[in-house]
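Dear colleague,

I am passing on a structure for you to look through, and below it I have written out what was found. Please keep the model open beside this message while you read.

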Amino acid sequence: MEAYKQVTRKSHPHDTVVQVRGVSIGDGSFTVIAGPCAVESREQLFATAQAVREAGATVLRGDAFKPRTSPYAFQGLKEEGLQLLAEAREAFDMPFVAEVLEPGDVELVASYADIIRVGTRNMSNYSLLQELGRSDKAVMLKRGFTATIDDWLTAAEYVYNEGNNNIILVERGIRTFETATRNTLDISAVPVVKQRSHLPVIVDPSHSGGHKYLVGPLAKAGLVVGAAGMMVDVHPNPSEAKVDGAQALLPEDFITLMGELQTLASATGVEVS
Ligand code: PEP
Ligand code: MN
């Protein structure tokens with residue numbers, strides 16, 4: 001028995017293009033998703049959203065529910081965070097993606113977000129995947145940090161099999177013996193997924209590298225290997241960030257990276273959008 005039948009290219013040779021409020025992910029362009037790891041305040045969210053929008057990002061990221069390794073760490077602003085994200089969407093004309101942690105919160109997150117994300121820790125939470133499969137919102141599925149590519153595609157099959165075909169895969173790094181990086185961005189996963197599946201795959205150079213200096217090199221590698229886009233953490237004041245400050249780009253670093261990506265994109269015939 002094959003573990004996945006519908007997300008495979010064998011059953012569907014053409015690329016799936018996920019459309020979200022006028023943004024197309026998987027159409028051959030490189031979609032830029034950026035914003036803070038967590039929503040901390042209106043000021044922080046709006047300053048970041050404005051900066052990334054002006055620099056060319058088309059989708060906003062920001063979380064209201066944070067899966068933290070420690071129970072004592074900041075867990076997110078919950079519904080208030082989703083409300084702020086919805087206000088930022090209107091103010092800056094960009095759809096947003098936010099994480100959901102449990103099946104019981106899917107309805108709440110879906111009532112605000114344009115794309116609902118499953119984080120690395122929840123990739124194998126099959127009841128959460130099925131609940132999202134019954135939602136009409138696009139789903140972003142991160143690779144589990146100990147998952148093989150086939151485990152990840154099988155998790156996507158859980159969503160697809162419930163009727164939701166709008167799935168974006170995210171390579172966000174896997175656990176290896178290496179300690180210099182938070183996780184190892186598996187750059188080969190991009191062409192492997194593109195060969196095995198019709199679903200779009202993007203990279204997360206922030207959560208994989210875990211350090212600001214690695215974000216640009218990993219993002220550029222993602223573009224060159226054919227990723228459908230990237231998702232990057234940006235914060236106006238990373239040293240004060242409540243979550244993941246070490247990997248957040250300042251708005252000015254993000255502007256520099258966007259310029260570098262434009263140069264690479266024109267050399268490879270890809271459009272950055
Ligand atoms: C995130 O994108 O904020 C996040 C928590 O990522 P991951 O699930 O990949 O750790
Ligand atoms: Mn984070």
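Helix α5 (residues 149-161) and helix α6 (residues 189-196) pack with their axes 11 Å apart and at an angle of about 50 degrees, where helices (H or I, at least four residues) and strands (E, at least two) are DSSP runs numbered from the N terminus, and where axes are lines fitted to C-alpha atoms, for helices over the stretch in contact, with angles running from 0 to 180 degrees between N-to-C directions. The two helices are therefore oblique to each other, since angles under 35 degrees count as roughly parallel, over 145 as roughly antiparallel, 65 to 115 as roughly perpendicular and the rest as oblique. On the α5 side the contact (heavy atoms within 4.5 Å) is made by Ile149, Asp150, Trp152 and Leu153, and on the α6 side by Ala189, Val192, Val193 and Arg196.

This is a predicted model, in which local features need pLDDT of at least 70 and side-chain atom pairs count only at pLDDT 80 or more, while totals for chains, interfaces and linings use all residues. Residues are numbered from 1 along each chain as its sequence is written, chains are lettered from A and ligands numbered from 1 in the order in which they are written, and side-chain values use heavy atoms, with hydrogens and water left out.

Which residues coordinate the manganese ion (ligand 2)? They are Cys37 (SG), His207 (NE2) and Asp244 (OD), at 2.0 to 2.2 Å, where donors are N, O and S atoms within 2.8 Å of the metal (3.2 Å for Na, K and Ca), and because water is not among the atoms, sites may look incomplete. Cys37 lies in the loop between β3 (31-35) and α1 (42-55) and Asp244 in the loop between β10 (229-233) and α9 (251-268), so the pair ties together parts that are 207 residues apart in sequence. Cys37 is buried, with a relative accessible area of 5% (buried means under 20%, exposed over 50% and partly exposed in between, with a 1.4 Å probe and protein chains only).

Asp244 also has a positive phi of about 55 degrees although it is not a glycine. Arg21, in the loop between β1 (18-20) and β2 (23-25), likewise has a positive phi, of about 45 degrees, and at 56% relative accessibility Arg21 counts as exposed.

Best wishes
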